[in-house]
Amino acid sequence: MRVIIHPDPQSASIRAANWIAELVRRKPACVLGLATGSTPIATYRELARLHQEEGLDFSRVTTFNLDEYVGLPPTHPQSYRYFMDENLFREIDIPPQNTNVPDGRALDFERHCEAYERQIKAAGNIDLQLLGIGVDGHIAFNEPGSSLGSRTRIKTLAWQTVQDNARFFGSEADVPRMAITMGVGTILDSRQCLLLALGSSKADAIAATVEGPVTAQVTASALQLHRDVVVILDEGAASQLKRREYYVNVESVQRELENVRSANQKNNQGPVG
Ligand code: PGA
């Protein structure tokens, strides 16, 4: 895992947005896996700005969201479809038919989940999956105990998650108890994963994910099995990492290398070997 630590949530979010934007520029017809929650909001705001002020083109991008609450219509302000329309899709030029969010009102959930998996494959698989993390270490709604090979399916929310999300619904009683979610296995099939975590409430979950054992009790720890994961953190989320100094050092070496590369390219001497 590549761990990138930023001093504050804003600069971490801008880094995440630039990471995504770079892919969109390099591969205009890319497939993005997207996440909801409070974490990616500033990242989406920056992507919208890059579109509106710098012409970042999303017209050929396809997206798949991680999850959706069971029972909520797309017009419900707490549905993830509504969240995505409000926070990103209506701010950029992505065609609505290119945006995919599981349908919380599907009649046959099993078939819907299988179809979602097929759609991801048919689109050529996810190039970059953006992820947040729960206080309990979940990715998407893969709560502790989820199989690390799981595919898109229905999950019952952990009590911790219901409590964490009550702030959006007004009360715990109003939080749906079930969600459709991509599985851990679905997420691991993405070509690259970008995990973004902000704030000290995520510090324990991040330490367990990056430095703990791989365990279904912390489903984000399965990312250790993936060959291309970038973790972008603010200082709060990084505060329980034991090897913080090493990650910072790796990044400064990486930056030096990038500087040498771009200087060489300018001088037309070709890339560094
Ligand atoms: P949050 O949720 O971004 O609202 O903290 C993250 C998650 O539960 O995956």
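A polar side-chain atom of Thr 39 sits 2.5 Å from an oxygen atom of the ligand, and I would like to begin from that contact, keeping in mind throughout that what we have here is a predicted model. On its own the ligand has 280 Å² of accessible area, and the protein covers 84% of that.

Which residues surround the ligand? They are Gly 37, Ser 38 and Thr 39, then Gly 132, Ile 133 and Gly 134, and finally His 138, Arg 167 and Lys 202. If we sort this shell by class, we find six polar residues, two charged ones and one nonpolar one. The space that the ligand takes up is, moreover, the largest pocket.

Seven strands form an open sheet with parallel pairing, and, going across, their order is 1-10-9-6-2-3-5. Which strands stand at the edges? They are strand 1, residues 2-6, and strand 5, residues 99-100, and because each has a single partner strand, one side of each is left without a neighbour in the sheet.

For strand 5 we can look at the pairing in detail, as strand 3, which covers residues 62-65, pairs with strand 5 in the parallel sense over two bridges.

Note on methods:
Residues are numbered from 1 along each chain as its sequence is written. This is a predicted model: local features need pLDDT of at least 70, side-chain atom pairs count only at pLDDT 80 or more; totals for chains, interfaces and linings use all residues. Side-chain values use heavy atoms; hydrogens and water are left out. A residue is near a molecule or strand if one of its heavy atoms lies within 4 Å of it. A polar contact is a pair of N or O atoms within 3.5 Å; within protein, one must be able to donate a hydrogen and the other to accept it, and residues adjacent in sequence count only if both atoms are side-chain atoms. Accessible areas come from the Shrake-Rupley method with a 1.4 Å probe; for residues, only the protein chains shown count as cover. On a 1 Å grid over the protein atoms alone, a cavity is a set of points where a 1.4 Å probe fits but cannot get out, and a pocket is an open set with protein on both sides within 12 Å along at least five of seven lines; lining residues have an atom within 4 Å of a point. A molecule sits in a cavity or pocket if more than half of its atoms lie within 2 Å of its grid points. Ala, Val, Leu, Ile, Met, Phe, Trp, Tyr, Cys and Pro count as nonpolar, Asp, Glu, Lys and Arg as charged, and the others, Gly among them, as polar. Two strands pair if DSSP finds at least two bridges between them. Helices (H or I, at least four residues) and strands (E, at least two) are DSSP runs, numbered from the N terminus.
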